[in-house]
Structure formats: C-alpha cells, structure tokens
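Below are some notes on the two-chain model that you asked me to look over.

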Amino acid sequence: MLNVVDLTKSFTAPDGGRVEIVRVPQFQIAAGEQRALRGESGSGKTTFLHLIAGILAADGGRAEIDGVDMAALPEAKRDRLRAEKLGYIFQTFNLLQGYTVLENVLLGMSFGPRGVDRAHAIEMLGRVGLAHRLRHFPRQLSTGQQQRVAVARALANRPKLVLADEPTGNLDRRSSKDALALIREVCRENCAALLLVSHDDGVLAQFDGIQDFARINDARKGAAV
Amino acid sequence: MTLPLIIYRSLRQHALSTLITAGSIALACGLLMTVWMVKTQSQAAFVSTSTAFDAVLGARGSKLQLVLNGIFHLEASPGNLAWADYEFIRKHPAVKTAIPIAVGDNLRGYRIVGTVPELFSKVEYAPGKKYELRAGGKIFTDSAREAVVGSFAAERLKLKIGDTFQPFHGLAFDEKNQHEETFTVTGILAPTNTPADKVVWIPIKGVQTMSGHDPKAATDVSAVLIQLRAATAGFMLDMMINKQGNRMTLAYPVGAIMTELFGKISWFDRVLALVAYLVALVAAGSVLASIYNSMSARQRDLAILRALGARRRMIFGAVVAEAACIGALGAAAGFGIYFALMAGVAEVIRAQTGVVLNVTAGHVVLWLCPLVMTALCALGGAVPALKAYRTPVAETLAPVS
C-alpha cells in the first residue's frame, strides 16, 4: 500500500544553510496493516507524514501509494491523489471553524472520488457519538468532540491509507482509548492501512511492532531534539 | 455543493465587511444607473415634449427662453407681441396652426396660461395624442371666466370641476397680489405627462384683461406656438423673422434648441458620471481590500481545504467567485437605491417642469452596469485569490514536529 524509498526533505535554516529533516531509505506498509511510529517532538515525523500526503514536495526519493509515486507528481496531481486515497487526522484537528460539524465532514468527502454522501457522513458522525451535534460549530464542542469530528472527516471518504498524527494528543486517557479504537476499527472495516505517529506510550502500547521514527529516519539519527 | 458552500460560509464568516462592501457597491451601482437614466430619460422627455410644435414666435430675445417659456412653462416671457403679429403668423400660408399664449399670473405657484380653446381641440401634444378631459369636464368658453386645469396642478391644488379661484399676479406666488376676478373650473385634463399637466389654463382674454394688468397690453400675447405645414417652411420663416427682421424672434426648430441646451449642460452630466465611475472604482477597490485584509484570517482555512484535497485552481476560483458574489449582492441592492433615487428625482423634475420620467423603464445600462460592477469586483478579487492560490499548506498547518 505504502512504499517509501530514499525519501528526503530539507529546509533552509536561519543561517542560510540547509537542514535535512527527513531521509528515510526504506519504509513499507501493506494494505490493511496498522503501524505505529514513536517519535519525539521535532523528530520530523509530521514532515514525514506531510511528504507521504503530498502536502510537502519531497527533495528526492519515492513515496508510492497504491503504486503511484506521490513524490514524483506535480502539485495538482498530488492534491487529487491525496483526496482519492488518503485520510489525514491532524494533531491539531484542523477543523474549519466557520463550518458546521456535518459540513466539515461533507467538505472532506467532496474532494474525494465518491463525492458527497450525506447519509454516510451522518453515519460516520453517529459512530463517533456526534449524531446530535451535526449543526454545531467546532467552537461549540469540547476538545474531545472536535477530535472525533476530525476522525470522522478523515475516515468518511473510505481512504486506502490513514495517516494519524498524534490523533489523541489532546484527549484524556479514556477518550484517547475510545478514539483510537474507533480509528482502528474503521480502518479494519475498510481494509485501510493505518500509519500512526505518537510519542504517547499509552497509545503506542496498543500496537504490535512499534518502530522508532529516529531509527528509520537517517537524517535525525543521533540528533538531539 | 462545495464551491457554493465555501463561498456562503466565507461570506457569513465575514458578514460585516461583506455588508459594508456590498453597500458601497450598491451605492455606486445605484448612482451610476440613476445618473445615466435621469440624463437619458430627461433628455428624451424634453425633446419629445417639444414635438407638438415646430416653432415658437415671441418678442426679440433668446430662442431658448422662448421655448422654455412657451412649451415648458418655465422662465419668464422675454416680452410681448401685438395681436396683429399673432394674426400675421396665423394667416401665413406656411403655418398650419398658431396658438397664442399669455402668461403673467399664477395660482399658488402653478402657472396660469391664457390660450385659445383650439389648443385642446386641434393640437396633438404627442403624435396621435390629443388632450382629453376627465369625465364631466368641458373646455372653457373663450369669453368666460372659466378654467381647465392640468392633472398635476389639479391634484396639488385640490381643484375639481365647479371649484372657483382667484389668480395671483406674477409668475411667483405672493398671497398679497391676488386678482379680483374669479374663475370657475370647467374641466380637468387627463394626465399627458407633459408640462401642460402643471398649468392652469384660462381663456387668453382672461389674462389679457385681468385687473391690474397694463390696459395698453390688453390684446398682447406672450408667444405664439406654431405648427408648420412643411418643415422646410421653418427656414423661410427663420430667414424672414430672425435675419431680415429685428422685432420678433422665431425659435425654430424647437427640438434642435432643446438638444443644444442639453449639449450646453452636458459637462454637468459628465461630472456626475465621473463621480459615479469613481465611486464604482472605489467600491471595486474596497472589495479587493476587504478580502485581501481578511486573507491572513482565512489562510488556515484555505490550507485545510488544500490538505483535504482542494486544488489550487478551486481555491483561486472560490475567492474570485466570492468577490463576484459581493459585487452581485451589491448590484442587486443597487436597484433598490436606483428606484428610490429615481423616484425622488422624477418627482422633483415633475414638480419643477411637468416632464415625467418613467422610473420602471428599461435600458441597456440597467443590466450593463450591474454586470460590469460584478465583473470589476471579480477582477478585484483576483488579487487576494492569487494570495490564496499561493498559500503554503504545510507551513500554514504548523505545528511541525
């Protein structure tokens, strides 16, 4: 499902020099597989997810999703591939504050291949326990509820690969456990691969075969963060 | 659903600036349409009103003053003509109809014009349209103290058939200068949408012999309204009266004199139009500024949309479409301003001149102006749209770990 080969990304530092953030020689996830990466803040894991999602253009290497190399595509095609294949749960939710809960989910669907499916959007929001909050705006919800909207939005499009960046970082232990269970369950139902990055041992403990991001990212090996 | 939803939500989120900007566009659009329509309609109305007569004969003086006085019942008469002059022109073989008028009195500000009954029976005030009286009315008798009142004057003066009145001396109303004679209203004219509507018509002898008027001028007329048998005859009369004579003036052709008047005051139209164009430009600029200033607040939303899979072109289109929507909203509201302004201006013009503007008349400017305004706003929206197009997604969606 996901095949990363020699993926690199560097940024310009304040002193004008280049700082390499990501250099991942090899990383794979099979369809339906659920993987967790442990990484501390500043380790480059969000940048890695952005490169896979095509939000950032890679400097080099490949990030193949379902056989299509995201890193080699021009921006417009990256946008399309992202909308068709990916669901992204952001650490900071990234909900659209001026839109209702339902509209947030519908908008996420509208860019995908299946288009808007109102009934499915409502069903997804029902599954995250927000059926009674469809017309609420994000600011009218608790942090945990906002997180659940973000989960529903990322999964409503039936993506083939779900990227989850600290998806439970803002939740208490119980809500965190529930949200994670939901993400994993929906991914299983859709045969979607899940790549989750977190520094929370409680979250990571629920996955088998956790990898340290620092061990697959040559750019930051041994770097203090 | 996506694009309309994005536009709708964005307009809602910035409701105040949307309203203010749309308001300024409405003002610009309303002003532009009003200036244009008042200019076009008043010019057309004044020129068409003057089609009933080919020429006006009066004392030596300004042709424009003669036309304004004789046909539009504005301005004072430049002087009098002897009855013999009227008889001379009436009997001239080139003249089809000659209607004498005498002015000098008013009824509470509404001009009293003395004339002959033939004005109502023979003359068409517009092609195919003769003066008509409202039910129960009749034209005054030449020798009686009777009056026929124009529809607008009757409405304002609250006059009906059988009512009586005493005229006031002079063209401006002064309640101390009231004549002794009493006239009886015998008829109310049906509306003609011409200056005749604001006139109180009495027999010409009534004005000529009114108490207090100079007895030596008891047979004089203020002007003679002329219909010619053939248009070319006007040039012959013009030569005879204006160029070879030095006692009278023939204002001919009436339409050309009015067109000349509008030509002279066209600078005023141009200034008004320039002001309206400037307002339109400022309004389009305010759309640009309003959306541009809100871009920093919107950038996160735009980055999120991009992260969800929205294409750059779609984001660009959404911002341009939003600007166009603000323009269209303003243009639509501009019609409200247009109708309000036009109704006010039309009422003033009607009260002052008797010329009626058609507030609901159609004109190419009524769709062209809103269309151009909307397009201008869309153009203004292209600048912030470019900024939206260039929104860096990853950086805007920080934090990065």
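**Notes on the model**

1. Gly44(A) counts as buried because it has 26 C-beta neighbours inside 10 Å; a residue is called buried if 20 or more other C-beta atoms, placed from the backbone, lie within 10 Å of its own, exposed if 12 or fewer, and partly exposed in between. Gly44(A) sits in the loop between β3 (34-38) and α1 of chain A, where helices (H or I, at least four residues) and strands (E, at least two) are DSSP runs numbered from the N terminus. Its C-alpha atom is separated by 8.4 Å from that of Asn217(A), 173 residues apart along the chain.

2. On provenance, this is a predicted model, in which local features need pLDDT of at least 70 and side-chain atom pairs count only at pLDDT 80 or more, while totals for chains, interfaces and linings use all residues. Residues are numbered from 1 along each chain as its sequence is written, and chains are lettered from A and ligands numbered from 1 in the order in which they are written.

3. The contact between the chains takes 27 residues from chain A and 20 residues from chain B, two residues being in contact if their C-beta atoms, placed from the backbone, lie within 7 Å. On the side of chain A that touches chain B, α1 (45-53), α2 (75-85) and α3 (101-110) of chain A each supply at least two residues, and the largest share, five residues, comes from α2(A). By class, that side of chain A has 11 nonpolar, 11 polar and five charged residues; here Ala, Val, Leu, Ile, Met, Phe, Trp, Tyr, Cys and Pro count as nonpolar, Asp, Glu, Lys and Arg as charged, and the others, Gly among them, as polar.

4. The buried residues of α2(A) are Arg78(A), Asp79(A), Arg82(A), Ala83(A) and Lys85(A). Within chain A, the buried residues of α2(A) pack against α1, β4 (60-65), β6 (86-89) and β7 (161-165), and from chain B they meet α11 (295-308).

5. In chain B, helix α2 (residues 15-49) and helix α9 (residues 254-264) pack at an angle of about 155 degrees with their axes 8 Å apart; axes are lines fitted to C-alpha atoms, for helices over the stretch in contact, and angles run from 0 to 180 degrees between N-to-C directions. The two helices α2(B) and α9(B) are therefore roughly antiparallel to each other, given that angles under 35 degrees count as roughly parallel, over 145 as roughly antiparallel, 65 to 115 as roughly perpendicular and the rest as oblique. Gln43(B), Phe46(B) and Val47(B) in α2(B) meet Gly255(B), Met258(B), Thr259(B) and Phe262(B) in α9(B), and the residues of this contact divide into four nonpolar, three polar and no charged.

6. Tyr252(B) and Pro253(B) are joined by a cis peptide bond with omega of about -10 degrees, and Pro253(B) is placed in the loop between β12 (248-251) and α9 of chain B. Phe93(A), which is not glycine, has a positive phi near 70 degrees; Phe93(A) lies in the loop between β6 and α3 of chain A and is buried, with 21 other C-beta atoms within 10 Å. Arg108(B), also not a glycine, has a positive phi of about 50 degrees, and with 13 other C-beta atoms within 10 Å Arg108(B) is partly exposed.
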